[in-house]
Amino acid sequence: MTPAPTFDPPEAALEAARRAEGRGLCPECYGRLFGRLGHGLTNPERSERLRAAIGTPPAMSVGPCPVCGDLFDRLDVWVDRCLRAADGFEWHRFTCGSRWDPERLAAEETLWHEVGTEWGESARAAMNRELGKRLGARTGAEGGPDRPDVVFLADLPVGRVETTVLPLTVRGRYRKLDRTLPQTRWPCRRCQGRGCDHCRGTGKTYAESVEELIAAPLLTATGGEGSRFHGMGREDIDARMLGRGRPFVLEILRPRRRTVDLPAVVAELGRTAKDRVEVEELTLADPEEVAQVKEAAPEKSYRVGVRGDVPVAKVNEALDLALTRAIAQRTPTRVAHRRADRVRTRRIVAARLVDAAPGRFTLELRTEAGTYVKEWVEGDGGRTEPNLSALLGVPLKVEFLDVLEIHDTEAA
Ligand SMILES: [Zn+2]
Ligand SMILES: [Zn+2]
């Protein structure tokens, strides 16, 4: 039950109300001069009670209200404009805002001073709230500042509504089984994505990516216009991503539909990305999860195939030594073009030799986030110190690299 309205204006408010008379204010703008006084009343109701208290009859309007230009009588027109502007899009939560002629807002503040009210509420705040209420009543959607699907901006001077459709965010985990697939779309270096002979007009260095494979059925299901992919880190193109897979968040931009059959999307991926990408735990996510996934720095486990002629005993000795030392890694040569050149300190958390044959051996490593494993094995021309090659005193070459697990949850 809503509490009974309370309204008991002090004498100063009654005096201000008397000074507000004769200015041609509409009931909404008159009442809003005292908008922060009392609870449970609309501004026209405030207006009515104040005018009863000071003994003036309800004002007859003569021409448009000097504050709002009778905007508050035409809110349904703005509701219609909002609905038209978002036509074709599914939305359940919304936020309303409005753009005003600054002179009108300044004139309102001047009025507060002239009348001597300390309880005024701005026309803009009232407009946003009242428009939201009506839009909510008309559609059943939920108005408020949190996680809107769509933001409406009523541009009052121009007489139209601008909409911003917010992304639909999904998260999941992916396994990558294909050693030729990059995680995200790589624009062609020659043409920066415009399309040229070098990339056969695709604008891309690689025909496909994990991002594009996963996004495709979601774009179809939502009618979205594009996507943004955020992985919890990334693996090299030629590395597989195994185990429980890598957490990711995908934003679908300007989706027309938000009610999506995600199990059907996963099933579709099972066909379209077969033997290349597998997706699990696909669910709707909150927008904050984008930052959570990007900022997470979990430990990772790898399997590394190495070429190099070393006795097993020596490898084990070197691994034992490696576990006791922090690694200083200068930004690898191969990524220096896109990352700042600096030295970072990382640790190998666990390491063991799992397989050995003449001329090659296989390691399993667990490392801190951000460790460049290939460089730690090969040495990267001394940019990683210590490195396994130096510890063994022989040149080493990484033959393959698989990510076995991302340890982002306790379960792993
Ligand atoms: Zn008005
Ligand atoms: Zn190109």
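Four donors count as tetrahedral if all angles lie between 85 and 135 degrees, donors being N, O and S atoms within 2.8 Å of the metal (3.2 Å for Na, K and Ca), with water not among the atoms, so that sites may look incomplete. The structure is a predicted model, in which local features need pLDDT of at least 70 and side-chain atom pairs count only at pLDDT 80 or more, while totals for chains, interfaces and linings use all residues. Residues are numbered from 1 along each chain as its sequence is written, chains are lettered from A and ligands numbered from 1 in the order in which they are written, and side-chain values use heavy atoms, with hydrogens and water left out.

On this definition, the site of the zinc ion (ligand 1) is tetrahedral, the angles among its four donor atoms being 105 to 113°. The coordinating atoms are the SG atoms of Cys 26, Cys 29, Cys 65 and Cys 68, at 2.2 to 2.3 Å, and along the chain these donors follow the spacing C-x2-C-x35-C-x2-C. Both Cys 26 and Cys 29 are buried, where buried means under 20% relative accessible area, exposed over 50% and partly exposed in between (1.4 Å probe, protein chains only).

Cys 191 is buried because its relative accessible area is 4%, and Cys 199 counts as buried because its relative accessibility is 6%.

Helices (H or I, at least four residues) are DSSP runs numbered from the N terminus. The axes of helix H4 (residues 75-85) and helix H6 (residues 123-139) come within 10 Å and cross at roughly 65°, where axes are lines fitted to C-alpha atoms over the stretch in contact and angles run from 0 to 180 degrees between N-to-C directions. The contact (heavy atoms within 4.5 Å) includes Trp 78 and Leu 83 of H4 together with Met 127 and Arg 134 of H6.

Gly 136 is also placed in helix H6, and this residue counts as buried because its relative accessibility is 15%. Not counting residues up to four places away in sequence, Gly 136 touches Phe 94 and Ala 141, whereas Gly 136 and Leu 363, 227 residues apart in sequence, are 60 Å apart in space, C-alpha to C-alpha.

Terms used
Helix = DSSP H or I, 4+ residues; strand = E, 2+ residues; numbered from the N terminus. Tetrahedral: all angles 85-135°; square planar, octahedral: opposite > 155°, others 65-115°.
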